[in-house]
Amino acid sequence: MKQAFAVKDQAILDAAELVLDEIKAIGADEGETWVSRNVLTELYYELGKISMVRTVFSDKVSVKLLKDKRKGTVNLNSFDPVDIKQAVADAWQSAGAAEPDEAEGIAELHENLSFSAGDEQPDLDKMYGQLVDMIADTNRDFPLISYDSIGIEHNHNEKLYANTNGVRLSDEVGLYQLSNMFIARDGERASSFNYFGTVYKDPSERVLESDRVRRILDETQRQVETEQFEGSFMGDLVIMPGCLENFLWYIGDTYLQDGALISGTSPWKEKLGEQIASPLVNFELIAEHPELPAASNLSGDGYVAENMPLIEDGVLKNFSLSRYGAAKTGLKRSANSVGTFVFGNGDTPLEELIAGVEKGILLGRFSGGQPSPSGDLSGVAKNSFLIENGKVTNPLSEVMIAGNLGDMLRDTVAVSRERENSGYWLLPWVRVKNVTISGK
Amino acid sequence: MLQDHLHEYVRKHGFTGYTELRAQENRNRAVAMLNGSLVSNSSGISRGVSARVVKGGAYGFASATGYGDDVEAIAQIVRAASDNAAFLDRHVQRGQPDFAPVQPFSRTDGFEHDVPVEQSYLLGIVDELDSYIAERFPSLLSRRVFARVLNMEKLLYTSDGVVSHSFVPRSNVYIFMTTQDADGQPVELYKVLGGYGNFPATFKNAEDYFGNLEKQHELLMQKAEGVYAKPGVQTVILDSDLAGILAHEAVGHTVEADFVQTGSIGGPMFGKQVASEKVSLVDIAHTAFGELAPVPVFVDDEGTPALDQMLIENGILTGYMHNKESARKFGHEANGNARAFDFSDEPLIRMRNTCILPGTDKFEDMIASVEDGYLMTDMNNGQADSTGEFMFGVPMGFEIKNGKLGRAIKDTTVSGVAFDILKTADMVSDTVTWTNSGMCGKKQMIPVGMGGPAIKVKINVGGRA
């Protein structure tokens with residue numbers, strides 16, 4: 001819900017106002033603060049039993065001030081006025097030792113707003129019931145699955161951004177989150193680790209009613225017995241949605257965000273408005289979406305976030321730059337940052353997409369090294385299957401893939417009609433050609 | 001140094017049932033320069049109190065920010081943890097007895113390194129290093145210099161009467177240099193300096209490290225002219241950094257007792273030959289080869305005194321890493337592997353300083369023994385699996401042809417199944433080096449040390465066809 005600025009927890013506002021008063025009193029030109037109060041309630045399962053209930057109360061304050069474009073930043077986890085005054089003094093001292101940077105600044109005055117979503121109080125009984133059902137449903141339908149851990153947590157967070165230009169924004173969110181790690185085991189044979197994460201509003205939903213969850217558990221069960229092959233070949237990858245998420249984070253880091261653009265290493269730095277990918281590629285950052293509860297309403301530097309396309313029909317439309325990154329590079333500030341995103345679906349049914357592969361891999365997870373600044377990457381294909389003559393055949397182990405992220409976007413030849421939803425993202429299956437695939 | 005307000009709580013309230021009570025402060029500082037611009041200049045404190053209570057085998061945990069002389073605030077946290085344990089105990093009714101008590105003791109470690117450091121000191125070191133790079137290597141596409149400080153202080157009281165107050169400092173500087181290859185593509189190489197210790201003692205003068213910068217630039221130029229490695233199984237000498245991450249990622253995780261119980265390959269291989277007899281692997285608690293290890297742990301966060309944990313002895317898998325609960329289940333000794341990162345984190349089974357012990361081979365002889373293969377010198381990240389299959393990124397290495405080092409190679413990845421790879425280890429060098437910048441992720445992040453000699457193995461390389 002969006003409304004005029006109003007903070008629920010007065011202690012948050014008091015802490016923020018004290019920070020700004022101190023910033024002004026100490027002689028800084030301008031400054032900003034993030035203040036938040038969070039209560040985490042976690043139910044944890046490990047080693048065959050529900051093992052722990054955990055409650056974490058945490059307060060956080062970050063202070064940034066500028067004097068003659070010299071920056072000092074301090075983070076603390078206390079609303080105590082003595083601690084806040086000390087933090088501002090420390091930030092002042094840091095700024096005094098820093099070199100000036102003309103690109104530094106804070107968000108200019110805009111409409112002050114507040115957002116809210118979800119429940120403030122966790123329903124621990126419902127969380128417990130959901131966890132018990134999830135384990136029972138898994139044991140019944142996927143008997144080879146063995147969970148290393150499952151965490152169901154509720155996070156209630158109210159956060160406030162305030163700066164000396166008069167900007168005031170707040171966001172109050174209460175959401176549930178499920179995380180886990182599991183293998184399939186049959187006697188002494190075991191699959192690779194696998195996992196799925198989900199963010200949601202209602203803990204009374206049964207986890208195993210999700211098609212995505214059932215698919216991942218089913219595929220993992222089929223990976224207990226794997227095969228290797230010898231030699232290497234150039235083939236196709238069919239990238240599953242969870243693995244695509246991993247590649248999109250890499251693409252953000254290597255091509256689109258502050259670090260790559262300020263340093264000048266981004267291979268796309270001069271490519272705005274140009275065709276950098278297959279016309280099938282559509283990649284958008286999300287601030288608001290009816291199916292994605294994890295979307296954030298606020299940017300990290302004091303603006304209201306907006307949905308924003310990065311790549312549209314293969315054309316680079318926007319970079320994902322902070323206010324500082326934009327000032328530093330002369331490019332436009334992003335209306336969002338890579339956090340919650342969608343990849344546009346195509347018009348190829350998944351079955352047909354796989355049927356078009358002569359030889360390749362259905363890639364479930366990528367365990368790889370950090371891509372090089374040029375986008376080169378290599379790593380191990382995990383939770384994956386061989387595709388031969390349009391059919392998914394053996395589950396694989398000890399298979400490596402090597403390619404280049406930019407080339408992979410250009411060599412995208414099909415995008416599935418179907419998509420999956422984690423609460424953070426909405427992603428399809430993507431088929432890429434010409435990747436080096438090597439066995440033992 | 002944290003004041004001891006927990007003592008007053010314990011004197012006034014005592015403990016009811018098995019309880020760990022911990023006050024903790026993580027202090028950090030960060031300075032980052034990107035092409036001469038100061039993109040980060042921050043410091044931070046994370047301070048708070050946590051309690052973990054166990055009732056009938058059900059764990060309740062609670063924590064809150066802030067720590068002071070308000071004994072009632074501490075009591076509220078203990079009560080919240082106790083309520084959580086009671087909620088779970090009502091539902092699961094596991095009926096397990098408390099852990100066997102340990103002998104009470106009290107100790108203090110590491111505070112001789114607790115020296116105040118000003119942000120301006122970090123800024124000065126980073127600025128000098130950055131200026132040197134800018135002046136000496138003006139044709140670089142980009143340069144980044146980061147300084148990071150993480151000082152962790154913990155004050156632990158347990159219901160067994162254990163009192164431990166510890167301080168563990170870590171100080172690192174990261175140097176990234178990027179150039180372009182003949183095709184105009186960016187090529188990067190980074191190095192990490194520093195390790196255990198406070199920042200002023202670790203980085204007395206920036207100029208002490210100018211030699212490292214010259215060497216790094218020389219390697220980067222070689223890498224820019226480098227070639228892609230050949231894909232498939234190759235003979236590779238993994239230098240110390242890679243042997244260390246092999247010890248951590250590929251073996252260490254599979255012999256953490258929680259992963260063993262989930263079904264890792266470390267379970268069925270206990271007592272069996274998992275490596276060549278030249279390979280011995282140990283998780284060092286605090287002291288190795290007469291010096292402090294990179295991340296010394298004297299008492300873990302369950303109050304267990306920390307001892308070295310032998311994992312592989314002359315190729316035989318002989319041990320697991322435990323917390324109190326897994327040690328009881330397996331009938332083994334717990335040797336201090338239960339560690340928590342922040343005040344709000346519960347202790348998990350974690351490595352401390354995993355190290356392959358040195359062998360007897362000379363590094364030069366190892367190179368000379370390879371007809372066609374690679375020397376891999378640097379690593380950037382690694383992941384492991386329950387099956388023992390692992391990968392790590394390799395940002396620097398060289399071809400070896402006819403016993404001599406050849407061209408540099410571009411970024412690649414190596415992978416394999418740990419116990420298969422270690423069985424191929426036929427040479428182990430006689431010198432160990434440590435890395436101390438690693439953070440291991442497993443629900444929480446935590447600092448770890450990794451060490452090893454160079455080892456010669458056959459391993460799968462993710463090269464280009």
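Which residues in α3(A) are buried? The model in which this is examined is a predicted one. Helix α3 of chain A covers residues 124–141. Its 18 residues reach 26 Å from the first C-alpha to the last, close to the 26 Å expected at 1.5 Å a residue. Within α3(A), the buried residues are A:M127, A:Q130, A:L131, A:M134 and A:T138. Viewed down the axis of α3(A), these buried residues fall within an arc of 95°, and they therefore line one face of the helix. The other side of α3(A) carries exposed residues, namely A:D125, A:A136, A:N139 and A:R140. The partners against which the buried residues of α3(A) pack are β2 (30–46), β3 (49–67), β6 and α4 of chain A.

The domain assignment of chain A places residues 2–221 in domain 1 and residues 232–438 in domain 2. Between the C-alpha centres of these two domains of chain A there is a separation of 25 Å. Contact between them involves 26 residues of domain 1 of chain A and 21 residues of domain 2 of chain A. On the domain 1 side, the elements of chain A that give two or more residues are β5 (113–118), β6 (145–163), β7 (168–186), β9 (198–200) and α4 (211–221). By class, the residues on this side of domain 1 of chain A comprise 13 nonpolar, seven polar and six charged.

The contact between the chains takes 64 residues from chain A and 68 residues from chain B. Strand β2 of chain B (residues 37–55) supplies 10 residues, the largest share of the side of chain B that touches chain A. That side of chain B has 36 polar, 22 nonpolar and 10 charged residues. Strand β4 of chain A (residues 70–76) pairs with β2(B) in the parallel sense, over three bridges. Opposite A:V74 stands B:S43, a residue in β2(B).

Attention may finally turn to a loop of chain B. B:V299 is found in the loop between β11 (291–292) and β12 (309–313) of chain B. This residue counts as buried because B:V299 has 24 C-beta neighbours inside 10 Å. Beyond neighbours within four places in sequence, B:V299 is in contact with B:R107, B:L156, B:V162, B:S164, B:S166, B:T304, B:P305, B:A306 and B:G336. B:S344 lies 45 residues from B:V299 along the chain, and the C-alpha atoms of the two are separated by 18 Å.

Technical notes. Residues are numbered from 1 along each chain as its sequence is written. Chains are lettered from A and ligands numbered from 1 in the order in which they are written. This is a predicted model: local features need pLDDT of at least 70, side-chain atom pairs count only at pLDDT 80 or more; totals for chains, interfaces and linings use all residues. Domain bounds come from an automatic or database domain assignment. Two residues are in contact if their C-beta atoms, placed from the backbone, lie within 7 Å. Helices (H or I, at least four residues) and strands (E, at least two) are DSSP runs, numbered from the N terminus. Ala, Val, Leu, Ile, Met, Phe, Trp, Tyr, Cys and Pro count as nonpolar, Asp, Glu, Lys and Arg as charged, and the others, Gly among them, as polar. Two strands pair if DSSP finds at least two bridges between them. The expected span of a helix is 1.5 Å times one less than its number of residues. A residue is buried if 20 or more other C-beta atoms lie within 10 Å of its own, exposed if 12 or fewer, and partly exposed in between; C-beta atoms are placed from the backbone. The arc is that of the directions from the helix axis to the C-beta atoms.
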